[in-house]
Amino acid sequence: MKGSLIIIAFFFLGTLCGLFHLLPPEVTQSNMSFVALSALIFCVGISIGSDSDVLHTLRHTDTRLLLLPLCTFLGTIAGCFAVSLMLPSRQLSDCLAVGSGFGYYSLSSIFITEYRGAALGTVALLANIARELITLLASPLLARWFGTLAPISVGGATSMDTTLPIITRYSGKDLVTLSVFHGFVMDFSVPFLVTFFCEL
């Protein structure tokens with residue numbers, strides 16, 4: 001949760017800097033967001049490439065459980081459809097782009113800002129931070145009411161890092177490998193899905 005609060009603090013700090021023109025025009029009018037986006041994608045590649053244990057430990061996991069990322073994707077898309085019905089002012093593709101961030105707020109919000117503008121990028125940032133916070137705060141209830149796979153699915157891309165400790169506590173240590181695999185797949189899919197829905 002501390003990491004999410006730090007991200008929110010930096011977001012509001014950046015908003016204030018832009019609102020009161022505290023940064024020189026060379027910074028605000030440059031392609032800095034593209035550079036930051038490229039650096040984030042590079043870091044994602046490093047984190048995925050350096051995790052050699054994922055494929056090794058997956059050999060001992062029930063193959064049916066490996067469909068969990070697909071279930072997370074389908075559930076998120078269904079939720080986006082439902083939300084789009086309640087927000088007639090927003091295109092379905094906007095809702096799908098925001099939802100396909102899967103909790104990866106730093107990467108997805110930059111993509112959406114580049115394609116659809118700062119307003120929707122802000123919505124994506126807050127929606128994906130909310131997904132992480134819900135996982136951190138509601139995992140005990142999710143595991144009790146919907147089963148031990150629910151916290152992993154709700155965690156989305158964060159199930160391999162920031163929400164993994166809380167998932168391990170309430171879903172069990174036997175699902176740690178699945179949680180890491182789930183987060184890995186969701187993490188990897190974010191740039192492709194967000195870009196795809198933004199271009200619709």
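This briefing covers the aromatic pairs of the structure and the packing of helix 5 against helix 11. The model is predicted. It holds two aromatic pairs. Helix 5 spans residues 68-86, and helix 11 spans residues 176-198.

**Phe188 and Phe192**
- The ring centres of Phe188 and Phe192 lie 5.4 Å apart, and their planes stand at 50°, so this pair is tilted.
- Phe188 and Phe192 are about one helical turn apart because four residues separate their positions in helix 11.
- Phe188 has a relative accessibility of 48%, so it counts as partly exposed.
- Phe192 has a relative accessibility of 54%, which is over the 50% cut-off, so Phe192 counts as exposed.

**Phe196 and Phe197**
- Phe196 and Phe197 make an edge-to-face pair, with 5.3 Å from centre to centre and 65° between the planes.
- Phe196 is partly exposed, at 47% relative accessibility.
- Phe197 is at 7% relative accessibility, under the 20% cut-off, and therefore counts as buried.

**Helix 5 and helix 11**
- The axes of helix 5 and helix 11 come within 9 Å and cross at roughly 45°, so helix 5 is oblique to helix 11.
- The crossing of these two helices is right-handed.
- Helix 5 contributes Leu68, Pro69, Thr72, Phe73 and Ile77 to the contact.
- Helix 11 contributes Leu178, Phe181, His182, Val185, Met186, Leu193 and Phe197.
- The contact residues of helix 5 and helix 11 comprise 10 nonpolar, two polar and no charged.
- Phe197 belongs to this contact and also pairs with Phe196.

Conventions
Residues numbered from 1 in each chain as written. Predicted model: local features only at pLDDT ≥ 70, side-chain atom pairs only at ≥ 80, totals over all residues. Heavy atoms only, no water. Phe/Tyr/Trp six-rings, centres within 6.5 Å; stacked < 30°, edge-to-face > 60°. Buried < 20%, exposed > 50% of the residue type's maximum accessible area, 1.4 Å probe, protein only. Axes fitted to C-alpha atoms, helices over the stretch in contact; angles between N-to-C directions. Parallel < 35°, antiparallel > 145°, perpendicular 65-115°, else oblique. Left-handed = near helix turned anticlockwise from the far one by under 90°. Contact = heavy atoms within 4.5 Å. Nonpolar A, V, L, I, M, F, W, Y, C, P; charged D, E, K, R; others polar.
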